[in-house]
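Please open the model in your viewer and keep the selection panel at hand. The stops below are meant to be followed in order.

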Amino acid sequence: MKLRCPLCGREYSEPVQRCECGEPVEFETFHGEPYIGKSVWERFYDFWPVEPVLEFSLGEGDTPLVKSRLGEELGIKLYLKNETVNPTWSFKDRGTFLAMSYALKAGYRTVGTVSTGNMAASVSAYASRFGLKAKILVSESASEEKLKAVGAYGGDVIRVHGDYGRLYFESLKLGEKLGVYFINSDNPFRIEGYKGIAFEIAEEVSPDYVLIPTSSGGLFRGVAKGFIELYESGLIDNLPKLIAVQAEGCSPICRAFHEGEEKVERFENPKTIAKAIANPYPPSGNAVLKLLREFGWECVAVSDEGIRKAQERLAREGLFVQPASATGIAALEKLDLPEGAKVVSILTGSGLRTLKEAQTGKVMECPLEGLEKCLR
Ligand SMILES: Cc1ncc(COP(=O)(O)O)c(C=O)c1O
Ligand SMILES: [Zn+2]
């Protein structure tokens with residue numbers, strides 16, 4: 001096992017989660033070849049840092065890549081990577097499954113996470129599937145609607161009163177002391193699991209651009225690492241241009257990127273409807289910033305109004321996503337993409353998780369006697 005800090009270069013042979021310098025660590029770059037297999041775990045067997053425990057898979061990954069009609073209107077070829085169909089409705093399941101495979105092999109009996117929505121449900125579900133206990137730490141502001149979905153799987157939900165930003169680091173420290181393996185947003189195994197998104201995209205198209213809703217930066221780092229490994233393995237000819245998409249009301253990475261800052265600073269008073277990507281102090285912010293600059297990639301911030309419009313537009317094509325997941329489509333308006341460009345937008349999570357905030361369609365009341373009139 002070899003891990004490296006992408007910021008300071010320190011190396012580790014133990015499965016630590018963060019470098020002494022405070023930044024996240026990541027696994028060495030894997031190289032290999034694809035095989036014939038049913039799941040992405042089998043087809044890209046050479047690329048995982050731990051053997052996936054397939055008997056406990058819930059069928060995460062291998063999600064559809066859907067050609068969008070919107071692309072024709074915009075003069076591009078637009079594909080939607082539909083991660084909403086994962087077992088607990090978001091891409092998080094890919095990372096949760098791989099990290100939990102490690103936790104099980106390493107002998108942990110209890111796992112945990114710090115989240116309020118998608119990741120909480122994912123870790124809670126997979127802990128039950130793997131026969132492990134789960135400690136889900138949530139913020140004071142976590143909604144009842146979301147917590148119900150977490151508790152349903154059987155994990156212990158703990159509402160923590162205090163600075164939510166500090167909770168991430170506190171959980172790793174206490175987890176180590178108490179033998180609880182915390183699978184937070186940029187856990188190194190979680191990031192490896194996200195590479196599958198890049199692998200599956202590359203099996204179907206060679207995109208020029210990939211739009212990635214970004215909060216902590218874990219997803220962005222995973223998709224980037226996946227494409228880089230394919231490129232270095234000689235399996236793709238070009239690296240796509242990756243675009244990190246944030247909500248204007250909480251865009252610490254885009255701000256640092258455009259203002260030429262060396263480090264990502266905390267974003268004060270975050271406010272956006274895209275709550276799932278509203279981490280004001282992203283733990284992988286600096287690592288994402290480095291990737292953006294190194295590869296000449298881009299960061300785009302989109303308005304709540306643009307997000308709402310994009311969410312509605314996607315629903316009109318049969319894809320109901322949460323506001324955070326519509327940000328990639330909202331970003332299209334702000335990007336001047338060349339005619340015919342091949343673009344993939346990752347639809348990260350389902351709209352069913354944020355039903356309260358959803359715009360409801362009209363309901364027509366109709367007496368049975370008047371049904372004929374109503375149908376006209
Ligand atoms: C729906 C959705 N999209 C995107 C993201 C961004 O992922 P990351 O925090 O790894 O940047 C999240 C993270 O919680 C999410 O829940
Ligand atoms: Zn370091």
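The tour goes from the domains to their interface, and then to disulfides and salt bridges.

This is a predicted model, in which local features need pLDDT of at least 70 and side-chain atom pairs count only at pLDDT 80 or more, while totals for chains, interfaces and linings use all residues. Residues are numbered from 1 along each chain as its sequence is written, chains are lettered from A and ligands numbered from 1 in the order in which they are written, and side-chain values use heavy atoms, with hydrogens and water left out.

**The two domains**

Begin by colouring residues 65-89 together with 188-354 as domain 1, and residues 91-182 as domain 2; such bounds come from an automatic or database domain assignment. The centres of the two domains, taken over C-alpha atoms, are 24 Å apart.

**The interface**

Next, select the contacts (heavy atoms within 4.5 Å), where 22 residues of domain 1 meet 24 residues of domain 2. The buried area, meaning the accessible area (1.4 Å probe) that two parts lose on being put together, summed over both, is about 2,000 Å² between domain 1 and domain 2, with 56% of it given by carbon and sulfur atoms.

Now turn to salt bridges, each a side-chain nitrogen of Lys or Arg within 4 Å of a carboxyl oxygen of Asp or Glu, of which 2 cross between domain 1 and domain 2. Select Arg 94 and Glu 83 to see a salt bridge whose closest N and O atoms are 2.8 Å apart. On the side of domain 1 that touches domain 2, helix α7 (residues 188-204) supplies the largest share, 8 residues; helices here are DSSP runs (H or I, at least four residues) and strands likewise (E, at least two), numbered from the N terminus.

**A disulfide**

The structure holds 2 disulfides, defined as pairs of cysteine sulfur atoms within 2.5 Å. Select Cys 254 and Cys 299, which are joined with an S to S distance of 2.2 Å. The torsion about their S-S bond is about -80 degrees, so the disulfide is left-handed. Because Cys 254 lies in helix α9 (residues 252-258) and Cys 299 in strand β12 (residues 298-302), the pair ties together parts that are 45 residues apart in sequence.

Finally, of the 22 salt bridges in the structure, select the one between Arg 10 and Glu 20 (3.8 Å, N to O).
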